[in-house]
Each structure stands twice: as structure tokens, then as C-alpha cells.
Amino acid sequence: MSATPILMAAAVAVPLVAAPLSLHRAWAGAVALAAGVGTTAAAIGLVLAVARDGAVRHALGGWPAPLGIVWNLDGLAAILLATAALVALPVAVFATASLPREHLGREAHRFWPPFLFLWAGLNALFLSGDVFNIYVALELVSLAAVMLVTLEGRAAALAAGLRYLLVAQAGALTYLLGVAFLYARHGTLDVGLLTAAAAVGDMPTTVAAVLMTGGLFAKAALFPLHAWLPPAHGSAPAPASALLSGLVVMAAAYVILRLWFDVFAAVGGAPLRQGLGALGAAGVIWGSLLALSQRRLKAVIAYSTTAQMGYLLLAIPLAAPAADWSADPWAGAIMLAVAHAFAKAAMFLATGLIIQATGQDRIGSMRGVARRMPVTAYAIGVAGLTLMGLPPSGGFAAKWLLLRAAWSDGQWWWVLVLLGGGLLAAAYVFRIIGPAFSHSKARKRQPPRPLEWIALGMAAASLLMGLAAMPLVAVLARSGGGA
Amino acid sequence: MMLLIDGAVAVGLVWMALRALNARRLTEAVIVFIGFTGVMALAWVRLRAPDLALAEAAVGAGVLVVVLLDGLGRLAHLLGGRTPLRAAAVVLLPLLSLALVAVLLRALGDLPSAATGLGPRVFAALEQSGVENPVTAVLLNFRGFDTLLEVFVLLGAAVAVALLRPLDRALPRGAGPITAGPPQTPMADWYRRRLLPVALLVAVYLLWAGGSAPGGAFQAGSLLAGVLALGLLTGTPLAGRPAAAWAAAAIGPVAFVLAALLFAVGGHGVLQYPPGWAKAAILGLESLLTVSIAAALTLLVIGIPRRRRP
Amino acid sequence: MTSALLYAGAGVVLFAVALLALFLRRHLLRKLMAANIAGSGVFLFLLGTAADGDAPPDPVPQAMVLTGIVVTVSVTAYGVALLRRFADETGRDTLTEDGGGP
Amino acid sequence: MIVLEGLAALLVAVGVAFFIAGTVGLLRFPDLFSRLHALVKADNLGMGFIAAGLALLAEDAGTVLVIVAVWVLALLASVMVSHLVAHAAVREGMQPWRKKR
């Protein structure tokens with residue numbers, strides 16, 4: 001039991017220490033990979049610790065809740081730490097080989113500092129049980145994300161990065177104003193204590209809920225504040241896009257779920273929750289339609305991120321206040337986020353390989369991929385299963401849980417959204433996959449074989465999620481209320 | 001009488017913000033913004049937060065203004081006149097923001113009059129924190145993890161600016177003093193011999209005083225950064241290789257996070273100072289943080305070298 | 001109406017005005033300044049609502065605001081460097097397709 | 001006691017007058033160099049008077065020393081900055097204003 005705090009500290013400290021060290025050109029790759037392995041080991045250790053002993057709350061600096069900051073390692077945090085590790089490490093291995101071949105060339109070592117800052121920020125965010133500490137961790141994550149977007153220094157990437165930075169700043173400050181309202185009203189910043197205090201649900205608390213959620217909408221690129229995401233994720237190099245779409249967007253969405261599960265459980269009546277669900281549904285539909293209308297490969301996948309994130313919001317109107325994380329709607333939302341992280345990362349890595357091989361980003365470049373680069377084509381296909389929510393993928397298991405919750409709760413309209421979203425996803429996935437099986441004479445530069453297998457492995461992980469749904473829900477059950 | 005002064009400062013802040021945001025010419029906007037940060041420092045004094053007044057003056061009015069003016073200078077050739085507002089938004093959004101203000105003020109009114117803050121708890125636990133200044137106690141002991149992440153955000157920003165260097169010009173490895181300003185001016189050597197030592201002395205005082213009076217790592221660090229930037233702008237070459245500057249910028253944050261880890265390994269909690277060692281540990285960490293904050297802010301101010309004129 | 005609440009009110013107005021300017025203004029340097037002013041507004045609100053008459057001021061919001069100031073200034077400085085790089089690369093200081101909000 | 005406060009108020013008032021003069025100079029003078037003169041000279045003198053006024057009201061010697069230190073450092077800083085601005089202006093090739101005959 002006493003080792004858990006050290007593991008938690010290591011999960012944050014290892015990437016933080018490695019980040020400045022990776023500034024050194026020669027060591028960068030080695031330091032990053034070593035730190036990656038270390039952090040992944042810590043994350044796996046934490047998942048096992050939670051599965052064995054249940055949730056662990058650790059007061060930083062030895063100061064208990066109201067005064068100090070408390071790390072709240074529950075089932076949800078452990079799963080997200082493991083997801084971040086199991087997505088980031090393969091992406092790091094992929095980047096080591098693929099970035100020198102891309103636009104960055106000799107400057108590929110510039111990928112490592114933002115990569116490590118991002119990973120550290122994510123781990124600090126998932127562990128944190130303090131709303132102001134979440135703000136600082138989110139700032140570190142957003143800063144690292146903008147660095148990843150503007151890595152190649154081209155005009156389009158710089159414009160997208162600037163737009164992303166401004167929206168992230170606006171979102172962070174709106175979130176912070178909400179935190180200020182909570183502190184002024186309840187005098188504490190700890191999520192557990194706020195859960196009890198915010199039950200009164202008066203005007204300042206409701207205003208805080210709307211402000212914080214609005215700020216996080218901007219950071220998670222949820223409809224209607226999603227405009228910055230496609231150019232940003234589209235113009236980043238492939239491994240960076242995989243991290244951005246897989247983990248960064250999920251992190252901000254996680255905070256929304258954490259807030260609406262704990263702090264704002266009793267705040268704002270049904271209309272506010274239905275409104276949030278409606279925004280999520282609108283995001284699903286609108287994002288999928290935009291994904292259908294794109295010509296560039298990366299843009300289609302980036303819009304698909306906006307669409308898939310919309311599903312997470314469906315958990316808010318469906319969840320009964322007293323439920324814990326393993327209840328259907330919450331477990332469905334978390335599982336979808338995790339499966340989407342793997343699937344989206346796999347898709348961006350695969351498209352990165354295709355763009356490298358064919359030299360251009362249009363959907364037309366997919367022609368003949370199935371014959372020349374079969375492993376990459378299958379990676380995209382398998383990842384597509386999760387996006388469409390077809391059995392036996394993780395996406396299917398998640399949507400099934402959400403469907404079951406919606407049906408048993410009598411809110412049938414969410415069922416329509418889930419099915420409609422699945423059909424639209426099928427449309428834009430097949431739009432990409434279709435040309436892959438046609439014949440094409442275009443000469444393709446064969447990417448290194450192991451890179452293709454990394455992409456397929458990630459896609460298979462999202463598939464495995466579907467099969468191994470039960471253990472995941474069991475770990476989630478270890479959370480109990482945030483108290 | 002006091003309400004009058006505070007009212008004047010509050011209204012002045014809002015008026016200057018409006019002027020800065022809606023100024024006709026960009027240079028005018030930046031100049032008024034500089035005034036705004038100055039009055040903000042005054043507002044912090046009126047709110048009985050001397051630490052914040054120092055930080056705002058040193059970081060906000062100091063480093064940020066240097067960066068904005070430098071940005072303004074380099075964008076000079078691009079300065080279009082008054083950029084037109086988009087017609088559709090001009091009508092709708094102001095109404096929306098007025099509604100937002102109304103709702104927020106209404107919620108402000110609902111807040112309990114008696115503050116329910118954590119002040120009493122902080123003062124109760126103050127003597128175990130190892131320092132007398134309550135703000136420093138919160139920053140480095142009670143909520144030390146916030147500060148830890150914050151100094152990494154600052155270091156990250158400095159790294160981010162360095163990564164903006166165009167791809168065809170790799171990060172400099174070789175030796176070579178870091179200078180940003182024009183060639184040596186006659187004042188440069190006078191400056192180096194007299195003003196620099198005095199500034200260093202004030203910075204050390206601020207750092208030391210941070211334990212008991214307003215001051216601390218951030219104020220001392222940003223003062224040092226301002227002094228270093230002024231030195232560079234006078235063409236005073238800063239001896240030492242860029243790698244040394246990065247090592248200085250990273251030493252504070254890395255030491256802080258390693259200390260947090262070591263305390264955990266040593267049987268105490270994460271970031272929990274061993275009993276009796278709090279004062280020494282905090283002072284040590286603060287001095288390293290001062291060096292790192294100064295280095296990071298200076299790297300931010302020096303900013304990125306421009307693309308060579310093609 | 002204690003004077004601290006006056007600052008809290010001013011903070012709210014600053015936040016709303018600056019957020020509006022952040023979306024409306026097209027010049028990117030102005031957007032960055034607007035973001036900074038919005039930050040100052042939030043911090044004023046945070047400290048204004050924490051003041052309790054003449055009791056010693058609550059140090060926790062002061063620590064939060066200090067952290068906020070350093071974070072906001074760091075990100076804004078990075079934004080200005082990004083803008084200069086963008087201007088170097090494209091010779092423009094606004095995002096052309098900058099229709100409506102960002 | 002009243003005399004002291006009265007004297008302090010007078011000194012501060014004179015200081016403020018100098019600041020106003022400096023600002024008027026800043027707005028009215030034709031070119032950079034003359035504006036620098038107005039700013040640096042008037043403001044420093046104004047600052048000196050205000051510092052003197054406040055020193056009278058200070059409780060103990062320590063505060064007086066701090067006020068004097070503030071004034072000296074402000075003086076050094078403004079001298080330094082005005083030199084830099086003027087030096088940069090000359091390097092940019094700005095000519096001082098001359099009355100057209």
C-alpha cells in the first residue's frame with residue numbers, strides 16, 4: 001500500500017524530469033523512450049494497485065483536503081493513466097522511426113520535449129483531485145499541444161497553433177472564473193469536499209458549473225467550439241496528431257465527466273443536463289457530416305474526433321445522481337473515450353504512413369493501398385470498426401452500455417443519436433477505406449514494416465477493449481464516489 | 001474616503017481596458033495596456049496583496065511589456081491601420097457579453113458576505129510550514145504541487161519559444177555569448193559595473209525576505225529577468241553557452257520535482273518536507289527557483305531569432 | 001458594498017469585455033492582449049470575493065493569482081513569439097479566413 | 001504634527017505639479033529628444049518631491065531609507081532607459097527637431 005504514492009509521484013516526476021533533459025539533441029530519443037518505459041511501468045503498477053486495494057487518496061505535502069491538494073487515484077484515474085501510457089509509448093516508438101523521414105528531417109529531436117511535457121501534464125491531470133490544480137495541469141497540456149501542432153513551422157501549422165492557443169486561453173480563463181465562483185461560495189477547491197458542498201445548487205454554483213463546462217468545451221473542441229481542432233490536428237505531424245486527437249481532447253472531456261459526476265451531480269435540473277446531451281448529440285451529427293464532406297484524409301479523421309467526443313456528453317443526461325463510475329452510462333462514456341484513443345491514434349499513424357508513401361494527403365492517395373500496404377489498410381479498417389461501433393470493437397461495447405442505459409431510462413432519443421452516429425461514421429470510414437481496395441498504378445515508397453505493425457497493434461488494442469470490457473468495468477467499480 | 005479611491009481605481013481599470021482593446025492604432029493599444037498593468041499593480045496593493053503587486057509589476061508590467069513591445073517592433077512593418085470589425089458580430093456579441101456581465105454580477109451578489117475562505121486554516125498551520133509569510137507558505141508547502149506544475153509551464157513556454165526556431169537553423173550548440181541588443185553603448189559597461197550588482201542585491205533581498213515579508217522566488221526571479229533583459233538590450237554580452245542558460249532554466253523545476261519524489265521515497269508523503277527541514281528545504285528550493293525563473297523569463301524575452309532576410 | 005467587491009465587479013466586467021474583444025478583434029496581438037486582460041479580470045474577481053473586511057487577507061487566493069499571473073504571462077509570451085514567427089512566415093498579422101470567432 | 005502633515009502635503013502637491021508638467025511636455029513637444037527631456041527631468045524632480053513628502057510622514061528611519069532607495073533606483077533606471085531610447089533613435093537616423101527659419 002505505501003508504494004502507491006511513490007508510483008503516483010513517479011508517473012508525474014519521470015516525464016517532468018525527462019522533458020528538459022530531452023532538449024539535448026543527442027540524448028533526446030534515448031531519454032524520451034527510457035522515461036516512456038518508466039512511466040508506463042508506473043501506470044500499469046497503479047492500475048494493479050487500484051484493482052487490488054481500491055481507490056487511494058494521497059494528500060500532497062501531508063496537508064489534508066481543504067488546505068492541501070489531494071491526489072485521487074480511483075479506478076477511472078488508473079484506467080486513464082494506463083490509456084495515456086499505452087497510447088504514448090507506441091507513438092513514441094513510431095515517432096523515433098517515422099519523424100526523421102517526414103518534413104522535420106534532421107530536426108526530428110524537437111518532438112521529444114513537447115511529448116514529455118504533454119505526458120506529464122496528462123498524468124498530473126488524471127491524478128489531481130483539486131479544481132485549481134486541474135487548471136494548471138490543463139495549461140501544461142494545452143501548451144504542449146500547441147507546441148506539437150506548430151512543430152513543423154509551416155504557415156498553416158502556425159496559424160492553426162495560434163488559433164488553438166487563443167481558444168485554449170479563453171477556455172482556461174472561463175474555467176478559472178468558474179473555479180473562483182466555487183471557491184468564493186464554498187471556500188474549498190477539493191473535488192470531494194465540493195461534491196458535498198455544491199449539493200445546495202444555488203445560483204453561484206450553477207453559474208460556476210456553466211462557466212467551467214463552457215471553458216472545457218473550448219479545450220475539448222466540443223460542438224459548437226470545435227472550429228479550431230481540424231486545422232490544428234490536420235497540420236501536425238502524424239505521431240503528434242495521434243497524441244492530440246487520442247489523448248489531449250479526451251483529457252478535457254474527462255474533466256467535464258469528472259465534474260458532472262462528482263461536483264455538479266446535484267446541480268442544475270434536468271433541462272441543463274438534457275441541454276448538455278443535446279450539444280453532444282449535435283456535435284456527433286455535425287462532426288460526422290463535416291467529416292463526410294472533407295477531401296483531405298487527416299481532415300476527415302480530425303472531424304471524426306469532434307464527432308466521437310460528442311458521445312461522451314450523452315452520459316450526463318443518462319446518469320442517475322447516486323450512480324458510481326461502473327454504472328452503465330459512465331462506464332460506456334469512459335470505455336468509448338479509451339477505445340477512441342487507441343483507434344484514433346492508430347488511424348492517424350496509418351494515414352501518416354500513407355501520406356509518406358504517396359506524398360499527398362488527398363483521399364485519392366488511398367487508391368491501391370490494400371495491395372501495396374496491406375497491414376496499414378487493415379489498421380485503418382480495424383480502427384474504423386471502433387468508430388462505427390460495430391461488434392466486437394471497444395466502440396461497440398461502449399455504445400451498447402450507453403444504449404442500454406438510454407433504453408432502460410426511457411430516453412429513447414439518445415438511442416437514435418447513437419445509431420445515427422454509427423451510420424454516419426460508417427459512411428465516412430468507408431469513404432476512406434473504399435478506394436484502398438481499388439487498383440492503382442501509383443508508385444508507392446514502402447514504409448518500414450514495423451511502423452505498420454505499430455499502427456495495427458494500436459487498432460487491435462481498441463478491438464481488445466470490446467472483448468475485455470468486463471475487467472475494465474470491474475476496475476471502474478473500484479472508484480466509489482469521489483469522496 | 002477609501003471607497004472613493006477604490007472606486008476610482010476600479011473604474012480606471014475598466015476604462016483603460018476598454019481603451020486598450022478598442023484603441024484606433026495598435027501602438028496606442030499597447031501603450032495603454034502598459035498603463036493597465038501598472039494600475040493592476042496598484043489594485044493589488046489596495047486589495048492588501050503586496051506579493052501580487054510585486055509580481056504584477058515585475059512579471060506583468062515588466063517582462064510581458066518587453067515581449068509585447070518587442071513583438072510590436074517586429075510587426076511594425078505589418079501595421080495595418082484600424083482593423084475593421086466583422087459587421088454581423090459587432091451587434092450580436094456585445095449584447096451577449098452584456099448579458100454575461102449581468103448574470104455574473106447577479107451571482108456575485110448571491111455570494112455569502114462572510115468570506116468562507118481557507119485563511120484561518122492557513123494561519124493555524126503556519127508555524128509548521130517553515131516560513132512566516134503565509135503566501136509563501138501556501139505556494140511552497142500547502143499547495144506546493146501547483147507551484148511545481150507552474151514552474152514547468154514557465155519552462156515549457158521557454159522551450160516552446162526556442163522550438164519556434166526555423167527548421168533550417170538548428171538550435172545553436174557552439175559557444176557564443178547571448179546578446180540581443182545593439183552593439184555596445186557607452187552606458188553598457190557603466191551599467192554592468194554599477195546597476196547590475198545593485199539589482200542582484202535587491203533580488204537576493206527579495207528572495208530572502210520572501211520567508212517573512214512580501215517577496216519570494218517569483219518576484220526575485222522576475223526582477224533578475226528584467227535586469228538581464230535590460231543588460232542584453234544594452235548590448236552587454238551575457239557570457240556562457242546557450243546550454244548553460246537552459247541548464248539554469250531547468251535546475252529549479254527539476255530539483256523541485258526530484259525533492260518531491262525523494263520525500264516520498266524517504267517514507268514521508270509526496271512533497272512532504274521532513275519535519276524540521278521545511279525552512280531549509282524551502283529556502284534552498286526557492287533560491288534554485290529564482291535562478292530558473294530568471295533564466296526562463298530571459299529566454300522568453302530574448303525570444304526567437306528572426307528568419308534570415310532571404 | 002465593501003471596496004473589495006468593487007474590484008470583484010470590475011473583474012467581472014473586465015473578463016466579459018476582454019473575452020468579447022478576444023473574439024471580435026482581428027489583429028492577433030490585440031487578441032493576445034485581450035486574453036491577458038481577461039486573466040487580470042478573473043484574478044481581480046478571485047481576490048475581490050476573498051477579502052473579508054479588515055481580517056487578514058486569505059493567502060490561498062493570493063497564491064492562486066500568483067500562479068495564474070505567471071502561467072498567463074508565460075503563455076502570452078509564447079503567443080507573441082508564435083505570432084512573430086507567423087508574421088515572418090506569411091507577412092500577415094491576422095488570420096485571413098478569420099471569419100467571426102476563432 | 002499638523003505642520004508636518006501640511007508640509008508633506010505641500011511637497012507632494014509640488015511633485016504632482018512637476019509630473020503634470022512632464023506629461024504636458026510629452027504631449028506638446030515636437031520630437032522624441034525634447035519629449036525625453038520633459039519626461040526624465042520633470043518626472044524625476046516630481047518623484048523627488050513626492051519622495052520627500054512621504055519621507056516626512058514615515059514612522060521610522062527604515063522606511064525613510066527605503067523611500068530614498070526607491071527614488072535613487074528610479075533615477076538610475078530612467079537615466080538608463082532614456083539613454084537607450086535616445087541611442088536607438090540616433091542609430092535609426094532620427095534628426096533632432098530644428099525651428100524652420
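Helices are DSSP runs (H or I, at least four residues) numbered from the N terminus.

The model is predicted: local features need pLDDT of at least 70 and side-chain atom pairs count only at pLDDT 80 or more, whereas totals for chains, interfaces and linings use all residues. Residues are numbered from 1 along each chain as its sequence is written, chains are lettered from A in the order in which they are written, and side-chain values use heavy atoms, with hydrogens and water left out.

Four pairs of chains are in contact (heavy atoms within 4.5 Å), and chains B and C share the most contacts. At this interface, 88 residues of chain B contact 76 residues of chain C. The buried area, that is, the accessible area (1.4 Å probe) that two parts lose on being put together, summed over both, is about 7,100 Å², with 76% from carbon and sulfur atoms. Between chains B and C, 11 residue pairs are in polar contact (both at pLDDT 80 or more); such a contact is a pair of N or O atoms within 3.5 Å, and within protein one must be able to donate a hydrogen and the other to accept it, with residues adjacent in sequence counted only if both atoms are side-chain atoms. On the side of chain B that touches chain C, α3(B) supplies the largest share, 14 residues.

The interface of chains B and A joins 51 residues of chain B to 54 of chain A and buries about 4,500 Å², 77% of it from carbon and sulfur atoms. One salt bridge (a side-chain nitrogen of Lys or Arg within 4 Å of a carboxyl oxygen of Asp or Glu) is found across this interface, between Arg143(B) and Asp130(A) at 2.7 Å, N to O.

Chains A and D do not touch, their nearest C-alpha atoms being 31 Å apart. Chains C and D also lack contact, with closest C-alpha atoms 21 Å apart.

Methods. Helix = DSSP H or I, 4+ residues; strand = E, 2+ residues; numbered from the N terminus.
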